[in-house]
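Reader: I have the sequence and the model open side by side. Could you take me through the terms used for it?

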Amino acid sequence: MEPKPRKRAALIGCSDDWMCRSLQSVFEEKGYTATRLGSGKQVLKLARRGGLDVVLLDERIDELPAVEVCVALRDDPLFDHATPIVITSSAHATPQSRAAAYGAGAWEYYQQPLNVDDLFVKLGTFLRARDELEVSQSQRLVDPASGLYTLFGLEQLSEQIGARAVRRHEPLACVAFSPRRADREVANDRALGAERSGFADVTNVVRVQSRKSDVIAQTGEFRLAILAPDTDAKGARLLVARLQRELDAASNKTKIPGAFRVRAGYCAVADFAAGNVDMKELVHRAESALDHVPTGGEGSSGVVSFDELPLA
């Protein structure tokens, strides 16, 4: 059964309660889930969390005007810039007000009463194009920004690796890990930005230090997976220890800012041909083991084997 597609999500920022409710009703009639907020600061905070398909703002929203919200989101690395921002105005629109809205990063500018049909025709066209782009990007073998394999790339290469391991009766391991700063946890948006920057530095160290035969993929925002051919359980633990040493060395040489600890889960089979597990399950088991690593685990306590997990 095909997964049910998620509803489109709209965020509406308007200080006029009656107008805000009206706009919410319009979006809900078009099949969106709509959240309404009464101030620009509230909109700014929620919009940065992502998961939105459109942000609609009244020009004169309280606390932080729509144009200033647009500027802040346009310059914010945490905001998904593929999300259209629409500004509406109950006042007479002037060339200057339109230019200010577009210059701030607004996708469209409408005067009240809102031309509903025009807005949703444009949104439908734009969002279909965005969805097609996301599908295309999800089928890339390598992410151009990080240089790592994507999940799609991991799936494609795993078939070749698995076939070779079966022919040669070789051991095979998957190690899933999440390097985190040892000195702090992510607690706010600023720390999250620093964490992302640090994670990019860590992935570069991992890519440089890994074997040519290893396949490294980014499986989540702060997660990596390594498919390691000809590697058994002992070799998987040695791989994690080696990566930790390299991260420590890079930190001491100031190649990366701050110390990182490696939380890792792995699954390894001594003979993949006789292991009764396919590649997809091997990766899934490594990810499951990572999910059971204690958040504060360090050293050997930060590494968990799938075989160590309690039976369901």
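Author: Gladly. An open sheet is formed by 5 strands in the order S2-S1-S3-S4-S5, with parallel pairing. The model is predicted, so local features need pLDDT of at least 70 and side-chain atom pairs count only at pLDDT 80 or more, while totals for chains, interfaces and linings use all residues. Residues are numbered from 1 along each chain as its sequence is written, and side-chain values use heavy atoms, leaving out hydrogens and water.

Reader: What makes S2 and S5 the edge strands?

Author: Strand S2 (33-37) and S5 each pair on one side only. Strands here are DSSP runs of E of at least two residues, and helices are runs of H or I of at least four, numbered from the N terminus.

Reader: How do you know that S4 and S5 pair?

Author: Two strands pair if DSSP finds at least two bridges between them. Strand S4 (residues 85-89) and S5 have 4 bridges in the parallel sense, so they count as paired. Thr88 has Tyr110 in S5 as its bridge partner.

Reader: And what makes S7 and S8 a hairpin?

Author: Strand S7 (residues 215-220) and strand S8 (residues 223-229) pair in the antiparallel sense over 5 bridges, with 2 residues between them in the hairpin. Val215 is bridged to Leu227 in S8.

Reader: Why are H3 and H4 called roughly parallel?

Author: Helix H3 (residues 66-74) and helix H4 (residues 95-104) pack at about 20 degrees, their axes 8 Å apart. Axes are lines fitted to C-alpha atoms, for helices over the stretch in contact, and angles run from 0 to 180 degrees between N-to-C directions. Angles under 35 degrees count as roughly parallel, over 145 as roughly antiparallel, 65 to 115 as roughly perpendicular and the rest as oblique. H3 and H4 are therefore roughly parallel.

Reader: Which residues of H3 and H4 meet?

Author: On the H3 side they are Val67, Cys70, Val71 and Arg74, and on the H4 side Ala100, Ala101, Gly103 and Ala104. Contact means heavy atoms within 4.5 Å. By class, this contact has 6 nonpolar, 1 polar and 1 charged residues. Ala, Val, Leu, Ile, Met, Phe, Trp, Tyr, Cys and Pro count as nonpolar, Asp, Glu, Lys and Arg as charged, and the others, Gly among them, as polar.
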